[in-house]
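Student: I would like to learn how to read a model like this one. Can we go through it feature by feature?

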Amino acid sequence: RRGKMSRIVRKKTVILFFLLVPLILGLIFPQITFAKDPEKRIQELEKKLESLEKQVIEYKNLLKEVLEEKEAAKPEKVVVKEAPAPAKEKHPVWSKFDVQLGGRIKIDTHYDTVAFDAYNDFLGVVSSRPNYKGDSINFNPRDTRFELIVKHNSGNLTGVGRIETDFYGGVFGNNIAPRIRLAYVDLTNNKTHTSFRVGQDWVPVAQQNPHMCEFGIMAGGGNLWWRIPQITLRQKYGDFEFLASLMRHRRVSVYEEQWSWPWMLARIAYNLHCLDKGSLIALGGGYMTDKRTMLDKTRVRLHRWLAAFEYKFKKNPFELKGEVWVGQGIGSHWLRYDMGYNPMTGEEIRSQGGFVSLLYKTPIKKLAFAGGFGIDHATTSDLKGWDFKTPDYDFYKRRFKQNLEWFGNIQYQVTDAIKFILEYIHMNTMRDEVREGNRITFSTFYRF
């Protein structure tokens, strides 16, 4: 095609040349064709000019056509596209999995009207010491937390690892040691809705907590809670969730904890779609057996059991939740230290309790109110030999016949990260006499 186009261009160039020669000669030697009469010469010249103008136009058009054909006859330029640079491989900063880092800074300013024992920085019971009366102020940053969550998917499986710490470890002045709150691995089959969790997590039975900023959240005041190492299996069927778990504290003494078995727990929950998402009712319980050393150094086998009903009803702007429970031998695994059995008689202590808590989100954006009540009652006939009037305050530090707790607070979300809570708590602890005390807390949160 390229050769044929070249021949056509050469042919038209020759024709153009032979057409231009007479024109040039005519311009140079016009007199050779002109007549001698001036009038006739003028007429001939006008005709010549008119003819030349037509020829010039034709030559311009022909020249334009030749140039276009010549340009078309040029070989096409081959454009070589550069290969795209290979994409750089991305390397995650933290891990090859999805990593979330978060936590909160929390500063509590407490004003107490009496001394509270078990525990100092958070409430347990009113002190049994004779000099328990007296005001005090405390600045407490120990509920500051760090949290790390690692997540990945593999087919139908989702794996999650979680670590959470606070600063309720050892205390030496202001050198507050961190400790593990949560540390577990969770594997979920998204197709069968089965979850398997191993590690330290919240107790799997009696899961509700009141709407409080107080770190103790009614420990010894009607709320059963703790974070305990466990192996827990969950299975969802529609609106139901079934749970089975083995749970116990990390072993501290090999000899003291021989023949001690974990809590064997089960729970069934039902989601209430008639209310807002998260509403439920649940029934759970469990059994544990272990041996303990009594004051007379004898070893006694204990049989512990628990039954708990819990509920959460959410209907904007309200949220109502609580627990009712009964059992015997309910002790350290539920943050009721020294209340599980009687070391003087070697018998389990039967107990009953529960709490109710209500949250109201006001029409004023970011402002909410909460309040509630809790009770923890031990069966008096199981407390044989206890003499609260003796000066053995360490023995009776956490022990009581009944403990009541009321609370109310105002919550204000200043920004997405910063929150203020002003909370009032009244506690009533019954031993041989009733002792009462109040705590007012101003709490500042920064969540990240």
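**A buried arginine**

Tutor: Start with Arg-439, which sits in strand E23. Strands (E, at least two residues) and helices (H or I, at least four) are DSSP runs, numbered from the N terminus. The model is predicted, so local features need pLDDT of at least 70 and side-chain atom pairs count only at pLDDT 80 or more, while totals for chains, interfaces and linings use all residues. Residues are numbered from 1 along each chain as its sequence is written, and side-chain values use heavy atoms, with hydrogens and water left out.

Student: Which side chain makes a polar contact with the side chain of Arg-439?

Tutor: A polar contact is a pair of N or O atoms within 3.5 Å; within protein, one must be able to donate a hydrogen and the other to accept it, and residues adjacent in sequence count only if both atoms are side-chain atoms. Here the partner is the side chain of Asp-112, at 2.7 Å. A polar atom of the Arg-439 side chain also lies 3.4 Å from the backbone oxygen of Asp-121.

Student: What else is in contact with Arg-439?

Tutor: Contact means heavy atoms within 4.5 Å. Leaving aside neighbours within four places in sequence, the contacts of Arg-439 include Tyr-111, Phe-122, Glu-214 and Tyr-424.

Student: How many salt bridges are there?

Tutor: Side chains of opposite charge can pair when their charged atoms come close. The rule is a side-chain nitrogen of Lys or Arg within 4 Å of a carboxyl oxygen of Asp or Glu. By this rule the count is 26. Take Lys-106 and Asp-108: their closest N and O atoms are 2.6 Å apart. Lys-106 is buried at 1% relative accessibility, and Asp-108 is buried at 1% too.

Student: Which salt bridge links distant parts of the chain?

Tutor: Arg-267 and Glu-310 meet in a salt bridge at 3.1 Å, N to O. Arg-267 is in strand E13 (residues 263–271) and Glu-310 in strand E15 (residues 299–315), 43 residues apart. Both Arg-267 and Glu-310 are buried.

Student: Which residues are linked in a network of salt bridges?

Tutor: Glu-147, Arg-162, Glu-164, Asp-166, Arg-179 and Arg-181. Within it, Arg-181 bridges to Asp-166, with closest N and O atoms 3.1 Å apart.

Student: Now the surface. Which residues make the nonpolar patch?

Tutor: Patch residues have over 30% relative accessible area and no salt bridge; nonpolar side chains (Val, Leu, Ile, Met, Phe, Trp, Tyr) are joined within 5 Å, like charges within 9 Å. This patch covers about 1,100 Å², and its members include Tyr-111, Phe-139, Tyr-412 and Phe-442. Strands E4, E21, E22 and E23 each give two or more residues. E22 gives the most, with 3. Tyr-111 lies in strand E1 (residues 98–114) and is partly exposed at 31% relative accessibility.

Student: What is the mean pLDDT of the protein chain?

Tutor: pLDDT is the predictor's confidence in each residue, from 0 to 100. The mean is 87, and 84% of residues reach 70 or more. Over residues 28–35 the pLDDT is below 50, and this stretch has 9 contacts beyond near neighbours in sequence. Where pLDDT is low, the predicted coordinates should not be read in detail.

How values were computed
Areas by Shrake-Rupley, 256 points an atom, 1.4 Å probe, with all protein chains shown as cover. Buried < 20%, exposed > 50% of the residue type's maximum accessible area, 1.4 Å probe, protein only.
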